[in-house]
Amino acid sequence: MVVNRQMINFWLLDGIDDVNNFEVRRSTIDYEKRHQKLAATEAAAAYPSAMKEEISLGFKRSYPDPENHRERKEIVVKLLSQDPGNYSDAPTEGIRRVLEIVTEQKIPRNSVLKTDKIDYIRLSTTVATNALLERKGHKHALLITHGFKDLLLIGNQSRPKIFDLNIRRPPPLYSTIVEVDERVTLVGYTSDPQAEEHAIQFDQDGKVTKAYSGKGWDGEGSAEGPGYIVRGVSGEAVRIMKRPNPDVVKRDLQKLYDDGYRSLAIVFVHSYTFPDHERLVGDLARSIGFTQVSESAQLLPMIKMVPRGVSSTADAYLTPILREYLDGFFKGFDEKLKGGHVSGARVEFMGSDGGLVDLDNFSGLKSILSGPAGGVVGYALTSWDPKKKHPIIGLDVGGTSTDVSRFDGRYEVVYETTTAGVTIQSPQLDINTVAAGGGSCVTFRNGLFLTGPESAGAEPGPACYRKGGPLAVTDANLLLGRLIPDYFPKIFGKSEKEPLDVEASRVAFEKLAEEINASHNGELSLDEVVYGFIKVANETMCRPIRALTEARGYATSKHILASFGGAGGQHACEIARLLGIRTILIHRYSSILSAYGLALADRVYELQEPCSTFYTTNNRPSLLERLDKLTNDVKTELKRQGFEEKRIHVERMLNMRFEGTDTALMVLAAPDGNEDYEDAFYKAYRSEFGFVLETKSIIVDDIKVRGIGKTFDNLGESVYAEVARLTTNQVDKSKADSMYSVYFDHISRVDDTPVFLLDNLSIGDTLEGPAMIIDRTQTIVLVPGARAVLTSKHLYITLDS
């Protein structure tokens with residue numbers, strides 16, 4: 001197994017030189033020479049919208065010192081993610097440079113790289129996310145059941161901005177619609193109190209043994225009207241009213257092809273249980289030459305046509321863009337790379353649900369949260385202790401936004417999300433985002449201090465970037481002493497060799513302070529004005545944390561805060577104090593944790609089928625039998641991908657709801673071996689809504705099996721166990737690299753705040769706030785009352801009460 005070897009790891013992340021950190025998305029490479037193999041992990045995550053101008057891609061590589069194999073040397077390589085004058089693809093160029101260093105052989109630039117020394121490459125990207133946010137996806141057509149052409153435009157009639165006077169609904173993703181004259185319907189009706197008694201019954205071969213006997217039966221055939229009766233995938237009786245005419249469909253498809261369309265989304269009524277018509281049309285489309293065909297039943301075989309349909313259009317819109325990006329990446333390597341693990345190096349991709357998938361299973365729909373998912377995996381696996389079981393809050397503070405998530409032993413997954421006005425039905429990590437980050441603009445309007453949602457971006461950037469940009473949170477941190485120009489790279493100005501411009505930030509804030517004092521008839525100092533904006537930013541970042549904890553019945557103060565992202569260290573202590581959290585974890589690679597998480601992530605393969613049956617004592621054996629079949633299929637696939645039986649973990653779930661409701665919960669039974677899904681559903685429902693409907697029957701909408709191929713058996717000693725056994729050493733101020741004037745709440749300026757370099761500290765060293773800790777990728781602010789202990793992988797910070 002690859003995971004048992006010790007080799008090079010490329011954890012690459014396309015990132016942006018934005019605001020609080022000049023290496024917001026760096027990469028880490030860990031190398032140990034063995035079997036002459038290299039393992040590559042690559043993550044490419046580009047931020048959306050205006051932050052495209054100054055994107056950089058960095059590598060940090062460590063490898064054994066030839067003179068002392070117990071020691072490790074490190075090399076940092078940094079390059080622009082877009083530099084067409086020198087190379088066509090930044091990730092490929094980065095891997096080329098590292099291969100040159102490791103193999104000690106010259107490799108010509110833009111040459112095709114051989115993969116015989118590469119074991120695997122792991123990639124996470126926000127290419128699809130950016131295309132969705134900026135509406136720059138692929139032109140495609142929607143094929144839908146005749147009479148339903150306006151369905152996705154009408155949507156589910158939700159009105160989130162009901163009081164807006166000028167509501168502007170986002171336009172649909174598809175460019176044109178073709179109605180297909182086909183129709184199927186279900187026999188019976190859902191609110192029938194005697195549904196099981198009246199239902200059609202089939203034998204094992206799918207032949208009708210008992211006709212429908214409920215309301216609407218015409219008294220002659222097997223259902224309410226004419227049509228051929230078949231058993232759907234979910235077990236429901238389906239009446240085929242009209243089959244699509246292949247000749248007519250082929251004529252319509254050819255017209256679309258002649259008009260330049262190469263991508264299609266196919267959405268038919270009830271295709272989740274009867275996908276035959278979608279398959280027929282899909283096969284015809286591929287025979288004509290369409291390169292992307294997104295069949296809704298194949299992507300996500302779940303009830304609810306609107307989200308299933310929108311998800312299909314999103315996949316048809318995004319997957320071609322994603323494939324174009326990946327084709328450009330693969331062109332930099334020999335043919336073996338696309339062949340998979342059997343013929344050579346394998347490529348793995350981070351899915352939105354936090355699991356790795358192979359090239360065949362990666363699509364635009366599964367990559368919406370590919371970028372931030374790596375960070376969630378990174379903090380979850382490095383911060384969680386299965387013995388202590390302290391729940392973790394992940395705080396990812398970047399340039400334009402802050403991403404917040406929660407981990408309590410399992411990734412929290414949602415199955416329906418709205419991104420850029422598009423409601424998508426696909427499993428994704430539950431990540432809450434708020435428009436507050438280092439690049440968020442600070443303004444004073446209507447007597448209020450405001451931070452965001454507007455962002456200075458990377459071009460022109462904050463005022464201190466010497467490009468005439470607006471005031472931003474970065475400028476505030478700079479004036480308060482929480483960013484130190486001497487420790488920041490000199491990459492600004494026209495020459496790109498100048499330091500941060502403190503004076504530009506000061507002049508702009510002095511002007512703003514005059515306006516604020518004039519409106520308040522008061523006399524706030526410059527520091528108080530500047531820190532006022534930091535307080536607003538901190539409160540804004542706390543908002544999604546409270547939504548994930550207090551709003552769901554969890555005590556925020558019982559959590560541990562895992563801070564990462566380029567700007568996380570500057571705000572972590574104050575945010576934790578606002579939330580009543582006492583412990584903060586900042587990983588050594590916190591500013592590149594999305595890439596680091598890729599190295600730790602597990603391979604995932606899952607199967608799902610619709611069900612539509614009641615959860616009863618009589619039906620339970622058949623449900624478990626279907627789960628067993630899916631379990632065997634999932635294990636077989638993971639074994640094919642190279643995982644041994646002992647490395648495969650399986651999660652068996654039922655998507656359950658109370659009869660008469662439309663809110664289903666994906667339920668995982670308690671790990672006691674009994675698989676009591678009813679009890680698990682009651683507990684999950686009560687936790688989510690605060691009550692249960694005791695008199696209602698339970699319906700199972702879907703069955704799902706998720707197989708996990710474990711990358712590591714365990715990740716070693718937890719940070720909590722390490723802290724408990726460490727012999728600590730109080731570090732004196734005299735060992736600081738310098739002193740700097742820093743502003744702190746309640747105590748104002750501390751002119752002799754010690755500034756420590758992380759690389760100069762040893763495991764067990766303890767620091768007391770106020771202090772600053774700086775490494776090559778971030779600045780960490782220790783507020784008064786904070787105590788930090790350096791462990792092998794973390795900075796372990798505790799706050800006094």
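**View 1. Crossing of helices H5 and H6.** The axes of helix H5 (residues 246-258) and H6 come within 10 Å and cross at roughly 45°, axes being lines fitted to C-alpha atoms, for helices over the stretch in contact, with angles from 0 to 180 degrees between N-to-C directions. H5 is therefore oblique to H6, since angles under 35 degrees count as roughly parallel, over 145 as roughly antiparallel, 65 to 115 as roughly perpendicular and the rest as oblique. Helices (H or I, at least four residues) and strands (E, at least two) are DSSP runs, numbered from the N terminus. The model is predicted: local features need pLDDT of at least 70 and side-chain atom pairs pLDDT 80 or more, whereas totals for chains, interfaces and linings use all residues. Residues are numbered from 1 along each chain as its sequence is written, and side-chain values use heavy atoms, without hydrogens and water.

**View 2. Residues joining H5 to H6.** From H5, Pro246, Val249, Lys250, Leu253, Gln254 and Tyr257 meet Val281, Leu284, Ala285 and Ile288 of H6, contact meaning heavy atoms within 4.5 Å. By class, this contact has 8 nonpolar, 1 polar and 1 charged residues.

**View 3. The second largest pocket.** This pocket holds about 1200 Å³ of space. A pocket is an open set of points on a 1 Å grid over the protein atoms alone, where a 1.4 Å probe fits, with protein on both sides within 12 Å along at least five of seven lines; lining residues have an atom within 4 Å of a point. Of the 41 lining residues, Gln298, Leu299, Leu300, Asn361 and Lys366 are the closest to the centre. E29 supplies the largest share of the lining, 7 residues.

How values were computed. Points joined across faces, edges and corners; volume = space filled by probe spheres on them. Nonpolar A, V, L, I, M, F, W, Y, C, P; charged D, E, K, R; others polar.
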